[in-house]
Amino acid sequence: MKKNLFTMVLVLTAVWVCNLSAAEKTLQIEGSTTVGPIADAFTEAFSQAYPDVKITVTKNGSGNGAAALVDSRCDIAMMSRFMKLDEFTASVDKGIMPVAHAIAMDGICIIVHPSNPVTELSLAQLHDIFTGAVKNWKELGGPDMPIVAISRDTSSGTYETFDHFVMRKDKMDASIEYVSSNPQVHSRVKTTAGAIGYVGVGFLDAEVKGLKVNGIMPSKQTVAGGTYPLSRPLFLFTNGYPALGTISHKFCTFYLTEKGQEIIEAKGFVPVTKY
Amino acid sequence: MRFIIRHITDKIFTALTVLSVVVLVAILAVILTPILWKGFSAVVFTGTIEFRKMQLDLFNRGDIDELNKENARSQLYRKKIYDTIDRFKQNIDAETLCDKAAQICRTFGKELQRKNMPGAEYQQLRSLSREIRDKLQIAFNSSNKKIVDENIKDVLKYKTDIRFKDTSAAELFAIAENFAADIKNIDLAKRQEYAYALKEFENITVKLLGYNPSTPVPALKMNRYGATRLNIAKKILNQLLLLEKWEQTSPGKPMVKISTPRARLFAGTEIEPLFDYIRDNIDEMLIPKRTFYWQYLIDSSTPGHYFGGVGPEILGTLLLTLASMVFIFPIGIISAAYLAECPSDNFIIKIIRMAINTLAGVPSIVFGLFGLAFFVLYLVPLFGGPSKPCILTAALTLAALTLPVMIRASEEAIRSVPQSYKEASLGLGAGKLRTFICVILPAALPGILTGIILSISRVAGETAPILFTGAIAFGPMPKNAFDPTCTLSYGSYDIAVGDRLASLVPHNQYGMVATLITLVFCLNIAAIIMRAKISRKLKGQ
């Protein structure tokens, strides 16, 4: 009896393993945790419109997305930054031509605890905070309270954008706290009176306070217009421009449709065009 | 005397052991109870009508007639809110009003063209209608009551004009009259403030009651329904009634949170009584009912695990566990047999043993990267498979991770089989292989099962090894071993780092973690029962 059961399980497993059902249209998407929610939501819309297409989304960071595209492990790589030179050359060497589709804009919002009376910082002041030159809110016109600066980990695209715009070539101070996701930055800032951190503009809500940077508040208009200094486009990368009519092409151009833009806006990002 | 001392130390030792057990259990209870309790609330809770609507739309579940009746009942109460908001919005939104006036004016012009009237009269009427439009627009945009009144009065002078009768221009007067009537209670100077406060009020109402039926259906499923649970509804209601503001009390000090009734923002307007209305009629609008949502365990979810359950995750975790057991079981036993039965502890055996011990201490993420480089990018393509993360590669990686545990436990089990069993079997003329399969293996099975139990708990809960080799955050149920899959462990990780939605649905986050704990617990219990049965059989009972 027990032996029979065991054999049955084995046979069932074997059948299931070999069950290479008729080739379905599949789409594997991998990469940035920032772009991930958009891909998730697009997938939701696609599963209604094209029920026979199987779309999977893996969120493991922009760098992994690029690596997966180079290894042709995925069809579409999500990236919150552009490909770096070495990623680009590695991929061209393997005969893969990365093509970027900018699907949305994102602003990196500087957030502090809502009890903080400071409303505005300049890029230079931010630079000083994160290099450790300024250690107390008093120096920035705030209360006498030590600054707790929180950064994303160095593999995140958000970090790289912040690094590029704010830190320039300088290193972050050793006292900076690193956390590995946007929600973590948000919850850390929400609960710490002297904290300052940076998140995608979609994470700005009533529980934290967004600061003006160089006198400009991050909003749809200022991010899309590029007047907000910490704006960036979000990308999907494909191997060559996807063949017209394929599901990959539809996915990469979905952001141009009205529904696609509505979704991007509902997810807290800024659509590329007005609809 | 020495006897007493020995007695006392014994007692102290016993007390200490009991204490440590109690502390351990207490810690376990402190950690597990809230997780399990909150996870439980993913299944048993007080659901609102919005929950039942969502279930019907997304999962085709529930009684349509009953829901329609409930819906009609709640709409009775909701209508007042939507109507009041729409009316109030009309009058503070100058831009829309201006657009409307311009639109009517344009239609009127086209109408005149069609009527084929003399040129001079046409010109006169056209310019008159433009004049009316301009005056209306001045009135709409002005924050000075006097200017508004003057302009509206000027406009209404033409109301009785016979030339406008029964034309589309008559609508202009209707708008003007409405506007004049409605702004009596509104402080025009505060129109901008009202517009901002109303936007916020509207957003919260949408979160509480779902989108306004007069607006288009939102593109995302998560925005189509209001609060699906009573406890969330209460939280949102609180947000609606109280406005939280941070204010500076003294310079150089942190700001202080001050809560004021939101109704004050709308003092004197028709929105003000709505707050009390919503508070008093919340039950009629949401119709809360005790809900037992066992389908949580089989439902798939919407992105960010906002709605739905953990069906694909449970299936994925079970499949992964099963598939990796298929690899672990034979390989682990064969390796253990070699280590236990080999004649002497020579140099090679020492090396192997050291390798296994080292392997057991390697961090799991290293296995994940190894699995990516070896199984995904090399081994599977070598046999003609697709070079993509899938269940097969994830299971192989997990097998590699837990193999050391399995080998060690099995080796111990095989060693502990009495030598006499083996001698008896060999003495009866059985070969080495036969002796191992027919005598030693059955006798060692309970010990080997212990290894399996340890492996199962490890495999089901690991995240890092499957991160690159087969786990996905969102996708359909897997069809075969060459599909990637959702799992409970990676799902919990994804909820925590992925989306800001997770903070809005804490019950789903707890639910997933609690399911993982329960699942591992159940798998372990099943294996333990099996072990007990086998060892009882071995003892001949």
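Q: How many helices and strands does chain A have?
A: Along its principal axes, the C-alpha trace of chain A in this predicted model spans about 75 × 50 × 40 Å, and of the 275 residues of this chain 46% count as buried. Its secondary structure comprises ten helices and twelve strands.

Q: Among contacts in chain A between residues at least 6 apart in sequence, what percentage join residues at least 24 apart?
A: The contacts considered here are those of chain A whose partners are at least 6 apart in sequence. Of these, the share that join residues at least 24 apart is 71%.

Q: What radius of gyration does chain B have, beside that of a compact globule of 541 residues?
A: The C-alpha trace of chain B spans about 125 × 75 × 55 Å along its principal axes, and the chain has 19 helices and four strands. Of its 541 residues, 35% count as buried. A compact globule of 541 residues would have a radius of gyration near 24 Å, whereas the value for chain B is 37 Å.

Q: Which helix gives the most to the side of chain A that touches chain B?
A: The two chains meet through 42 residues of chain A and 42 residues of chain B. On the chain A side, α1 (2-18), α2 (36-49), β2 and α10 (258-266) each supply at least two residues, and by class the residues of that side divide into 17 nonpolar, 16 polar and nine charged. With seven residues, the element that gives the most to this side is α2(A).

Q: Which strand of chain A do the buried residues of α18(B) pack against?
A: Helix α18 of chain B, residues 488-497, is mostly covered, with seven of its ten residues buried; among them are B:Tyr490, B:Asp494 and B:Ile495. Within chain B, these buried residues pack against α11 (311-341), α16 (432-461), α17 (464-467) and α19. On chain A, they pack against β2 (53-59).

Q: Are α8(B) and α9(B) roughly parallel or roughly antiparallel?
A: The axes of α8 (residues 191-209) and α9 (residues 230-241) of chain B come within 9 Å and cross at roughly 165 degrees. Because angles over 145 degrees count in this way, α8(B) and α9(B) are roughly antiparallel.

Q: What is the handedness of the crossing of α8(B) and α9(B)?
A: From α8(B), B:Ile204, B:Lys207 and B:Leu208 meet a set of residues in α9(B) that includes B:Ala233, B:Ile236 and B:Leu240. By class, this contact has six nonpolar, one polar and one charged residues. The crossing of the two helices is left-handed.

Q: At roughly what angle do the axes of α1(B) and α19(B) cross?
A: The axes of α1 (residues 2-40) and α19 (residues 506-538) of chain B come within 7 Å, in a left-handed crossing. The contact is made by residues including B:Ile35, B:Leu36 and B:Phe40 of α1(B), and B:Tyr510, B:Val513 and B:Ile517 of α19(B); by class it has seven nonpolar, four polar and one charged residues. The axes cross at roughly 115 degrees.

Q: Is A:Phe254 buried or exposed?
A: A:Phe254 has its place in the loop between α9 (247-253) and α10 of chain A, and, not counting residues up to four places away in sequence, it touches A:Phe42 and A:Gly260. Because A:Phe254 has 21 C-beta neighbours inside 10 Å, it counts as buried.

Q: How far apart in space are A:Phe254 and A:Asp163, C-alpha to C-alpha?
A: In sequence, A:Phe254 and A:Asp163 are 91 residues apart. Their separation in space, C-alpha to C-alpha, is 30 Å.

Q: In which loop is A:Ser72 found?
A: Phi of A:Ser72 is near 45 degrees, a positive value in a residue other than glycine. With 17 C-beta neighbours inside 10 Å, A:Ser72 counts as partly exposed. It is found in the chain A loop between α3 (62-70) and β3 (76-79).

Q: What is phi of A:Asn214 near?
A: A:Asn214 is found in the loop between β10 (212-213) and α8 (220-224) of chain A, and with 15 C-beta neighbours inside 10 Å it counts as partly exposed. Its phi, a positive value in a residue other than glycine, is near 50 degrees.

Terms used. Residues are numbered from 1 along each chain as its sequence is written. Chains are lettered from A and ligands numbered from 1 in the order in which they are written. This is a predicted model: local features need pLDDT of at least 70, side-chain atom pairs count only at pLDDT 80 or more; totals for chains, interfaces and linings use all residues. Axes are lines fitted to C-alpha atoms, for helices over the stretch in contact, and angles run from 0 to 180 degrees between N-to-C directions. Angles under 35 degrees count as roughly parallel, over 145 as roughly antiparallel, 65 to 115 as roughly perpendicular and the rest as oblique. A crossing is left-handed if the near helix is turned anticlockwise from the far one by less than a right angle, and right-handed if clockwise. Two residues are in contact if their C-beta atoms, placed from the backbone, lie within 7 Å. Ala, Val, Leu, Ile, Met, Phe, Trp, Tyr, Cys and Pro count as nonpolar, Asp, Glu, Lys and Arg as charged, and the others, Gly among them, as polar. A residue is buried if 20 or more other C-beta atoms lie within 10 Å of its own, exposed if 12 or fewer, and partly exposed in between; C-beta atoms are placed from the backbone. The radius of gyration is taken over C-alpha atoms; the globule rule is 2.2 Å times the number of residues to the power 0.38.
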